[in-house]
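Me: Please go through one part of this structure closely, and then set it in its surroundings. A plain account will do.

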Amino acid sequence: MQPVDHATVVAEDVSKVFFSGGEPVWALENFSLTIEPGSFTCIVGPSGCGKSTFLRILGGLEERTVGEVTMSGADHPVPAAFVFQEHGVFPWMNVLDNVAFGLRMSGEGTRERHGIAMDWLRRVRLESFASSYPHQLSGGMRQRVAIARAFATGSPVLLMDEPLGALDAQTRMLMQEELIALWEQERKTVLMVTHDIDEAIILSDRVIVMSGRPGTVREDIAVPFERPRSFDIERSPEFGELRSRIWNLLREDVRSAEETA
Amino acid sequence: MSFTDRTSTGSTGSAGSAGADGESADRTSTSRTTTERTDADRARTESTPADREQRTLVAARAQRARDRRLRTRDLVLSIAAPIVLLVLWEVCARLLIIDPRFFPAPTTILAALGEMLASGELWEHAGPTLLRLLVGGGLGASAGIVVGLLMGSSRALNAAFGPLFSALYPLPKIAIFPILLMIFGPTELPKIIAVFITTFFVMQIATVSGVWAIDRKLLEAGTAYGATGFARFRFVVLPGAMPFVFSGLKTATGTAVVVVTAVEFTGASTTGLGYLIWNSWQLFIPEKLYVGLLVIGIIGAVLTTLLSRSEKLLLPWRRG
């Protein structure tokens, strides 16, 4: 196994402004964030606060208006591997080719990329579906394909945009457990956007709470629970305290986002 | 599978009938003494689990049999109805209920078909029509798909040619035919070009819509995983547009058959199924007219079926 090269993500004073009619809309205002190598960070915030926009700027899917973004893994063929909420896997490729896609784009040979992809399929327990097409899988299985595809690139940074957001509650809990286990083995630098406070606490080392539009950092909270983690932490009083602290930070913004929408 | 199924049915079958007896005994025992009723009750509880499962299975099988019967009936009806109509046509034509000069009996048409096949006359007309369809349509579709893909993925190209093509599209292509005749003379070329233009426009528009219909998430996934330039085109844009391309091909086939027939109707042609139909009308040979109609219909149906088959084969991810 090669040594895992971790990465630091630094964003400085990133702003994103677009025009709606004649009016400028500030999606992000002077957003700064530094992410430690090998850490799992979650961003929570009211809808429309620009959390997804920030992630997409990091992933190169959207232009920033002003600001600086640096990623120490930028020399990797895939500087940051993206996991979308749903419909992100190619319906015209079978599961194996989907997982191997990033490797194929970075010029890996057939045998090697299929070897790595099969290995990742085994780790997400989908090896028997290697030649199936995505429409033959359940929603949870498709997201496991998407997650395996991101890990398989070997990219030091993973950006996840509500990767479990479209799943039903029970599948979601299962996937959270699997994601913790996978990440604890790999220790990639992960930045994940979610609207689920519990999910943020269970998965991450650090929760960034964002304010409503224009999006800025409202609070930066360290999550104290030991690794490896299990769902047992949900029963601890610290968990409840943390959850209500985050909710109190969010409540007003969520309400006003709800009313202006 | 079905064997074990059947044996298990047999073994529980006897238990089932015993249970049914117990139940009827229970029903008649309402006026009897308590001891007798508890006996009957006990008999029923003992046979209940197997009995109930058995009854449920019987009901489920009956349901399945009913569904199958209905499906078979639909299939029989769909085959029988056209046959009945044909027979009716035959009988009416023979009994002169309908005028056989306008509606020759199906057997008369078939006889004419056989004769024309034997003399080679049919191929003289079907051959050129097929050639025009395949050459004009094949080239037109290829060009339309390529231009559509380019316009779908290049904003500048689409801005330049999109409005122009949209303006040209509603022009009835057949109306251009005299211009083509004027330029190229009464040769094979203007007929092929007429088919080419028809398929080109249908395919160009279908392909552009196909590219635009690709889920934005998938294009972004391509970008996020490093697919740029030709790789993006080959692995994301091309397969993503394929469903629209195939439905466009089916539309284009129908339109091309219409245009080729119309072009052959004109005096500029002395071959082709369109000419056969037109000429048979002028000479008043109704059987041949119907043969032409039949063959052109078969050509259209075969082409469309081939396209559907190859779609299933080439786009396995759309199946199911």
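Reply:

The model is predicted: local features need pLDDT of at least 70 and side-chain atom pairs count only at pLDDT 80 or more, while totals for chains, interfaces and linings use all residues. Residues are numbered from 1 along each chain as its sequence is written, with chains lettered from A and ligands numbered from 1 in the order in which they are written.

Domain 1 of chain A is made of 9–76 + 157–260, and domain 2 of 91–155; these bounds come from an automatic or database domain assignment. Taken over C-alpha atoms, the centres of the two domains of chain A are 25 Å apart. Helices (H or I, at least four residues) and strands (E, at least two) are DSSP runs, numbered from the N terminus.

Within the unit, β6(A) and β7(A) are joined by five bridges and run parallel; two strands pair if DSSP finds at least two bridges between them. One bridge sets L159(A) against L191(A) of β7(A). Strand β3 (residues 40–44) of chain A is also parallel to β7(A), with four bridges between them. T41(A) is placed opposite L191(A).

Strand β7 (residues 189–193) of chain A is largely enclosed by the rest of the structure, because five of its five residues are buried. A residue is buried if 20 or more other C-beta atoms lie within 10 Å of its own, exposed if 12 or fewer, and partly exposed in between, with C-beta atoms placed from the backbone. In a regular strand the side chains alternate between the two faces of the sheet. In β7(A), T189(A), L191(A) and V193(A) point one way, V190(A) and M192(A) the other, and all are buried.

Chain A also has a separate open sheet of three strands, antiparallel, in the order β2-β1-β4. From one strand to the next the twist averages 25°. Packed on this sheet is helix α1 (residues 51–58) of chain A, which touches β1, β2 and β4 of chain A and makes about 120° with the direction of β1(A). Such angles run from 0 to 180 degrees between N-to-C directions, and the axes are lines fitted to C-alpha atoms, for helices over the stretch in contact. Strand β1 (residues 9–20) of chain A is antiparallel to β4(A), with five bridges. V9(A) has M71(A) as its bridge partner in β4(A).

Chain A meets chain B as well: 19 residues of chain A are in contact with 15 residues of chain B. On the chain B side, the elements that give two or more residues are α8 (216–224) and α9 (229–265) of chain B. Here α8(B) gives the most, with six residues. By class, the side of chain B that touches chain A has nine nonpolar, three polar and three charged residues. Buried in α8(B) are L218(B), E220(B), A221(B), G222(B) and A224(B). Their cover includes β5 (80–83) of chain A together with α9 of chain B. Just after α8(B), G226(B) has a positive phi of about 85°.

Chain B has eleven helices and zero strands. Of its 320 residues, 30% are buried.

Notes
Contact = placed C-beta atoms within 7 Å. Nonpolar A, V, L, I, M, F, W, Y, C, P; charged D, E, K, R; others polar.
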